[in-house]
Amino acid sequence: MKEIRISQVGCGIVGHGFLEVVRRKRDMLRDLGLDLKIVSVTDHTGTIYEKNGVDPKKVLGVKTLAEGVANSDMKGLEAIEEIESDLVVEVTPTNIDHGQPGLGHMEMALTQGKNVVTSNKGPLVVAFNRLKDLAGENGARLKYEATVGGTMPLISLVERNLVGNNILGIKGIFNGTCNYILTRMMEEGYPYGYALMEAQELGIAEADPAYDVEGIDTAAKMTILANSVFGMNVKYDDIDVTGITDITTESLALARDRGYLIKLIGEVPALTVKPMLVPRRSPLAVGGTLNAASIETDLSGTITVTGLGAGSIETASAILSDIVNIYTTRNIDDRS
Ligand SMILES: NC(=O)c1ccc[n+]([C@@H]2O[C@H](COP(=O)([O-])OP(=O)(O)OC[C@H]3O[C@@H](n4cnc5c(N)ncnc54)[C@H](OP(=O)(O)O)[C@@H]3O)[C@@H](O)[C@H]2O)c1
C-alpha cells in the first residue's frame with residue numbers, strides 16, 4: 001500500500017468536495033494500492049494538522065477552521081513548508097492578475113519536490129511555464145485537470161488517450177453560467193438581464209457575474225490550454241475576448257430559425273473567446289450548465305467530450321483522478 005500524505009490548502013466548496021470524495025472512495029483507493037492521508041487542511045484562518053490523517057468529519061460542514069477545528073495558526077506557506085507531505089492540493093480562490101495566494105503555495109510545494117494538484121486557474125494563467133519548469137527541476141508533478149473543464153476529462157484525454165495524435169485545435173463551451181443564461185434566453189425567450197437574475201437566484205451566477213459573462217473565465221481556461229496542450233507562451237492579454245452581455249433574445253431567435261444556437265465559444269490555438277453560431281445538431285449544442293469541448297486531431301478526427309464544468313464533488317473528482325494518475329501511471333504526460 002502506497003501512503004500519500006496530502007496537505008490541502010483551501011477549504012471552501014472544492015476543498016469540502018475533496019474531503020468528501022476521499023472519505024467516500026477510501027476503499028476503492030485502497031484497491032488501487034493507494035492510502036490517501038490528508039495530514040493537514042488550511043484556510044485563511046489557520047490549519048488543522050494531524051500526523052496520522054485528519055478525520056474529514058471534523059472539517060466537513062464547518063464554514064471556517066476557526067470554528068474550533070484549527071489546532072495551529074500556520075498559514076498556507078508554513079503548512080506546505082513545515083508539514084511533511086508528498087502532495088499539495090491547492091484549492092484557494094483564483095486571481096488571474098497576480099495568481100496569489102495559490103502561486104506562492106505552488107512555488108513553495110514544487111520547490112520542495114512536492115506534487116501539486118489544483119483547480120485554481122490563477123497561478124497557471126500567470127505562470128504556467130515557470131511552474132512546469134519548477135516541477136521538472138525538482139522532480140515533482142503539477143496536475144490541473146480541474147482548472148479547465150471541471151469534471152470533463154480534457155487534459156488527461158489529450159495527454160494519455162490521444163497520445164500520438166497531433167492536436168490541431170480545441171474549441172468549446174467552457175463556462176456553465178454563460179451556457180445556462182444563453183439556453184434560458186433561447187428556450188424561454190427571456191431577455192439577458194432576466195436570465196442572469198434567474199441564474200443568480202439559483203446560485204449558478206455570482207452576485208458580480210462579470211468574471212463569467214464577460215468571458216474572463218473562459219479566456220483564463222484558453223490561456224491554460226494554449227500553454228499546456230499547445231506548448232505556447234501565452235498571457236491572458238493575448239486572448240481576444242468578447243462576452244455574452246450584448247446577446248439579444250432576437251438574435252437567438254433568428255439563429256434558431258436558421259438551425260443554429262449561439263454559444264460562448266473558446267478556441268485554441270486561435271486564442272479567441274466569443275459568441276458563435278453552433279449548428280443545432282453539432283455535438284457542441286449542449287444546454288443548461290453543461291460544458292463541451294471538441295478536440296480536432298490528425299489521426300483520430302474530432303472527438304467531443306461533455307460534462308459539468310463546476311460543482312463541489314464534480315471538481316473534486318477531477319482532482320482525485322489527477323492524484324490517482326500521478327501514482328498509478330507512468331510519467332508520459334510530463335514529457336517535454
Ligand atoms: N467551485 C467550483 O465549482 C470550481 C470549479 C472549478 C474550479 N474552481 C476553482 O477552485 C478554487 C476553489 O474554489 P472554491 O469554489 O472552493 O472557492 P471557495 O469556496 O471560495 O474556497 C476557497 C478556500 O480557500 C481559502 N483561502 C482563501 N485564502 C487563503 C489563503 N491565503 N490561504 C489558505 N486558504 C485560503 C478560503 O478560506 P476562508 O473561507 O477562510 O476565506 C476557502 O476555504 C478556485 O480557484 C476556483 O476558481 C472552482
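Colleague: Which helix and which strand each supply at least two residues of the shell around the ligand?

Modeller: The model is a predicted one. Within it, helix H1 (13-24) and strand E2 (34-43) each give at least two residues to that shell. The largest share, three residues, belongs to H1.

Colleague: What makes a residue part of the surroundings of the ligand, and how many residues surround it?

Modeller: The criterion is a C-beta atom, placed from the backbone, within 6 Å of the molecule. The ligand is surrounded by 26 residues, and the closest are Gly10, Gly12, Val14, Asp43 and Ala310.

Colleague: How do the residues of the shell divide into nonpolar, polar and charged?

Modeller: There are 15 polar residues, nine nonpolar and two charged in the shell.

Colleague: Where are the bounds of domain 1 and domain 2?

Modeller: The domain assignment gives 2-151 + 312-334 as domain 1 and 161-308 as domain 2. Their centres, taken over C-alpha atoms, are separated by 28 Å.

Colleague: What makes two residues count as being in contact, and how many does each domain contribute?

Modeller: Their C-beta atoms must lie within 7 Å. The contact takes 14 residues from domain 1 and 15 residues from domain 2. On the domain 1 side, helix H6 (121-137) and helix H7 (146-149) are the elements giving two or more residues, and H6 provides the largest share, five residues. That side divides into seven nonpolar, five polar and two charged residues.

Definitions and conventions:
Residues numbered from 1 in each chain as written. Predicted model: local features only at pLDDT ≥ 70, side-chain atom pairs only at ≥ 80, totals over all residues. Helix = DSSP H or I, 4+ residues; strand = E, 2+ residues; numbered from the N terminus. Nonpolar A, V, L, I, M, F, W, Y, C, P; charged D, E, K, R; others polar. Domains from an automatic or database assignment.
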